[in-house]
Amino acid sequence: MPDVFPELPKVSFKFSLDVATVYAIEMALHAHKIEMRAEKQYFSEELLEEWREALSLPNLFWDLRAFMCGRGNLNVKVKRLGEHIILPLLQKSMKIYEDHWKAILPSLKNNVSPLLQAWKIHGKEILRGICSASRLEWNIKEIKVFFVEPIVDGHGDAFPEEGSITFEAAKAPLPRCLHGLTHEIAHLNTADIIHQEDIRRKVLAECANDLVAQQALIEAKILNKLDFDDPIRDIEKWKTESRQEFLYDPEELKQIVENWWSNHLESKKNIRESIKDLFEEALPKMLLKQ
Ligand SMILES: [Zn+2]
């Protein structure tokens, strides 16, 4: 087979206090309705309240108005807003978090060492497997994986614009870690399917991305079909970004998604194209709650 993957992105793994602090604060603020492991809380209620207050819309706009009245172009004004509001709070939070972060760092490094080991051996095949499952080529040169504190039980997020991922350095079985990481990395390849106008398309795109990740691990011969949880099971979990709710029959939806995926694998379409077929089949079965 000719080499259709001219260049794979370079993947680097980092532990950064800056990223970890922002993640810990974000989770402490319950910004995403995600269940946290209860007992952890390093920030005082006062500090969290300061964040909420400073970033409340009335305060944000009050300060923005003040800066708008000042000198300089828009860029300068918005930068002043960030320096005035976010920087001091961030510095304060990092100072509070730093000792804790340093203390847990050795155990976090320990937790991810099997994952890093596995990536060293199989990473390239996984990156290739993602392309062959999505039929989209990589268009980024570098992927930065930032490990953060395990707060939500092995949670990860992808930031395609930055080519970055945050990933909890949780102690978990290797197949689970590998699948989680591959899912996030696959998001950087399938980035444009995730920008959907409504929550139902978004969760279907999450399922599709998850299937890309699974297929990549199967093709790289690391896991087999039986090692994965059902992506349909996760639909509820992925419904975190919208207040809008929908109803569906899990068995029926599962069937639709599975059929679509085997059609996708047999077809020559890339996932950007074939996800339209999934929407057509699945959306009528996902009724919005009025
Ligand atoms: Zn995802």
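This is a predicted model: local features need pLDDT of at least 70, side-chain atom pairs count only at pLDDT 80 or more; totals for chains, interfaces and linings use all residues.
I started with H7 (residues 199-219): at 1.5 Å a residue its 21 residues should span 30 Å, and the end C-alpha atoms are 30 Å apart, which agrees. The expected span here is 1.5 Å times one less than the number of residues. Helices are DSSP runs (H or I, at least four residues), numbered from the N terminus.

Residues are numbered from 1 along each chain as its sequence is written.

Next I looked up burial. 16 of the 21 residues of H7 are buried, so H7 is largely enclosed by the rest of the structure. (Buried means 20 or more other C-beta atoms within 10 Å of the residue's own, with C-beta atoms placed from the backbone.) After H7 comes Lys-221, with a positive phi near 60°.

**H5 on H7**

H5 (residues 174-189) packs on H7 at about 120°, with the axes 8 Å apart. Axes are lines fitted to C-alpha atoms, for helices over the stretch in contact, and angles run from 0 to 180 degrees between N-to-C directions. H5 and H7 are therefore oblique to each other; that label is what remains after under 35 degrees (roughly parallel), over 145 (roughly antiparallel) and 65 to 115 (roughly perpendicular). The crossing is right-handed, meaning the near helix is turned clockwise from the far one by less than a right angle.

I listed the contact residues (C-beta atoms, placed from the backbone, within 7 Å). On the H5 side they include His-179, His-183 and His-187, and on the H7 side Asn-209, Asp-210 and Val-212 are among them. By class I get 6 nonpolar, 5 polar and 1 charged. Ala, Val, Leu, Ile, Met, Phe, Trp, Tyr, Cys and Pro count as nonpolar, Asp, Glu, Lys and Arg as charged, and the others, Gly among them, as polar.

**H4 on H7**

What angle do the axes of H4 and H7 cross at? It is roughly 125°, and the axes come within 8 Å. I logged this crossing of H4 and H7 as right-handed too. Ile-126, Gly-129 and Ile-130 of H4 are among the contact residues, as are Val-212, Gln-215 and Ala-216 of H7. The contact of H4 with H7 has 6 nonpolar, 4 polar and 1 charged residues.

**H3 on H4**

Last, I checked H3 (residues 57-68) against H4 (residues 74-134): about 135°, axes 9 Å apart. H3 and H4 are therefore oblique to each other.

Definitions and conventions: Helices (H or I, at least four residues) and strands (E, at least two) are DSSP runs, numbered from the N terminus. A residue is buried if 20 or more other C-beta atoms lie within 10 Å of its own, exposed if 12 or fewer, and partly exposed in between; C-beta atoms are placed from the backbone. Two residues are in contact if their C-beta atoms, placed from the backbone, lie within 7 Å.
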